[in-house]
Amino acid sequence: MSAPLTSSSRDELIQAIEPIIRECYQLPVTRTPGRVSLSSAILGPEEALGVLRTVLSGWISQGPLTAEFERQFAAYVGAAHAVAVNSGSSANLLLLAALLEAGRLQAGDEVIVPATTFATVAAPIVQLGLVPVYADVESDTFNLDPAAAEAALSTKTRALMPVHTLGYPADLPALAALAHRRNLVLLEDCCEAHGASLDGRRVGSTGVISSFSFFVAHNMTTGEGGMILTNDDMLAALCRSLREFGRADQRALARGRFHTDEHLQDYDKRYVFERLGYNVRMTDVAAAIGLAQLQKLDAFNAARRETADWYTVQLAGCEDVLQLPRPRPGVTHTYYTYPIVVREQAPFTRRQFAEYLESHGIETRPLFAGCLPDQPGFRVAPHRVAGALPVARRLRDRALFIGVHPGLQPEDLAHATETIRAFVEREQR
Ligand SMILES: Cc1ncc(COP(=O)(O)O)c(C=O)c1O
């Protein structure tokens, strides 16, 4: 093992290698013709150089770059505090744990979530002794329907947790008004919606606390990663402690290194554990990637929107049998994927449609869990279902999505739309 490089030799090394790395990213990439993938991390020399610099610095665990990524991400969304973690699932776990410790939620309380969503929106709710209540979603946005959320309320309901599904902002004005009227905590799951906004306001800045995911398939990535945003000082401090073993907030070290109470005398604060926590930290290697990706997020999102709009124009002739996304005014959609719903009058099933697309190299997936309380693990977990969930169950049976990411080339997009049109024409003949 050799000693870490000095900062000047590190800079020299980076300077020497930077042109080579930049040149590598100019080389043609191997492409599989006719393959329309669901997602692809768009990484460039900035990410590669960021990782290299981090490794050469010798500090690869949570450190100064994680703090800088938190600062920049909080500023981007418009929140006072950010706490970086290792996944969106961990972000959801921690924010609920923090609300429980802060006394804003109590075991047994109900949290209303959209029935159509991802597993780890509801799983942490159950894991922490709370009860998810599945309410129906809107048929055009796939987001928590404010009227269904209101109808789902009981005397035990303490929180609303909308999800900005596939980058489409949930109806936050209506949900925030409901939360205000009924004294509920409004949480936002923004794991699929980095940079999405409603009437110019970015998601993640309205609720008491919100979560983001930087999984590799998402609009920006750190490989695996997540972030919690809040304006609440206490919740931010609790999340910071919970993400690293439950130990005392390490920023308190600045006010003195030692802790004393009736059992501990002059004890190093690094090993004072104030609560039962987890270890779900982000590494500085991931943060280096995140910092580079954040600079590109708006361009990535604009490219996704352009592709999605193009898909919609190209597929407009199929709308009698396929429901396409048509965002409402004021919505800045960030299209994590491009959703299509097979209408009831279509002479084919979702499965037939998906199999045709897959056989032509176009990847598809159903709308995540479809209807979460119908999933095997969630049927038997504590929960309440509010009503018959007709929209969520329709989406469970009829929705799929295809890729819309900036790595797709014009020929891929043309292949996707031509294939869909050919299938619909064939089936309608
Ligand atoms: C709505 C939603 N919440 C939470 C998560 C969990 O994020 P992660 O995969 O980073 O754990 C996801 C995953 O994509 C998601 O779609």
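**Reading rings, loops and strands in a predicted model**

Mentor: Exposed means over 50% relative accessible area, buried means under 20%, and partly exposed lies in between (1.4 Å probe, protein chains only). Before we go on, this is a predicted model, in which local features need pLDDT of at least 70 and side-chain atom pairs count only at pLDDT 80 or more, while totals for chains, interfaces and linings use all residues. Residues are numbered from 1 along each chain as its sequence is written, and side-chain values use heavy atoms, with hydrogens and water left out.

Trainee: How many aromatic pairs does the structure hold?

Mentor: A pair of aromatic rings is described by the distance of the centres and the angle of the planes. Rings of Phe, Tyr and Trp (its six-membered ring) pair if their centres lie within 6.5 Å; planes under 30 degrees apart are stacked, over 60 edge-to-face, and the rest tilted. The structure holds 15 such pairs. One of them joins Tyr 271 and Phe 273, edge-to-face, with 6.4 Å centre to centre and 65° between the planes. Phe 273 counts as partly exposed because its relative accessibility is 46%.

Trainee: Which residues form one aromatic cluster?

Mentor: Phe 69, Phe 73, Tyr 76, Phe 212 and Phe 214 do. Tyr 76 also has a charge over its ring: the charged end of Arg 202 sits 3.7 Å from the ring centre. The rule asks for NZ of Lys or CZ of Arg within 6 Å of the ring centre and within 35 degrees of the ring normal.

Trainee: Where does Asn 143 lie?

Mentor: Helices (H or I, at least four residues) and strands (E, at least two) are DSSP runs, numbered from the N terminus. Asn 143 is in the loop between strand 3 (131-135) and helix 6 (146-151), and counts as buried because its relative accessibility is 0%. Leaving aside residues up to four places away in sequence, Asn 143 touches several residues, including Val 137, His 164, Tyr 168 and Pro 169; contact means heavy atoms within 4.5 Å. A polar atom of the Asn 143 side chain lies 3.3 Å from the backbone oxygen of Pro 169.

Trainee: What is the phi of Phe 142?

Mentor: Phi of Phe 142 is near 65°, a positive value in a residue other than glycine. Phe 142 lies in the loop between strand 3 and helix 6, and is buried because its relative accessible area is 5%. Asp 199 has a phi near 50°, also a positive value in a residue other than glycine. Asp 199 is in the loop between strand 6 and strand 7, and counts as exposed because its relative accessibility is 60%.

Trainee: What is the order of the open sheet of 3 strands?

Mentor: Strands of a sheet pair through backbone hydrogen bonds, either parallel or antiparallel. Two strands pair if DSSP finds at least two bridges between them. Here the order is 7-6-13, with antiparallel pairing. Strand 7 (201-202) and strand 13 (331-332) each have a single partner strand, so one side of each is left without a neighbour in the sheet. Strand 6 (residues 197-198) is joined to strand 7 by 2 bridges, and Leu 198 stands opposite Arg 201 in strand 7.

Trainee: And how many disulfides are there?

Mentor: A disulfide is a pair of cysteine sulfur atoms within 2.5 Å, and the count comes to 0.

Key: Polar contact = N/O pair within 3.5 Å; in protein donor to acceptor, adjacent residues only side chain to side chain.
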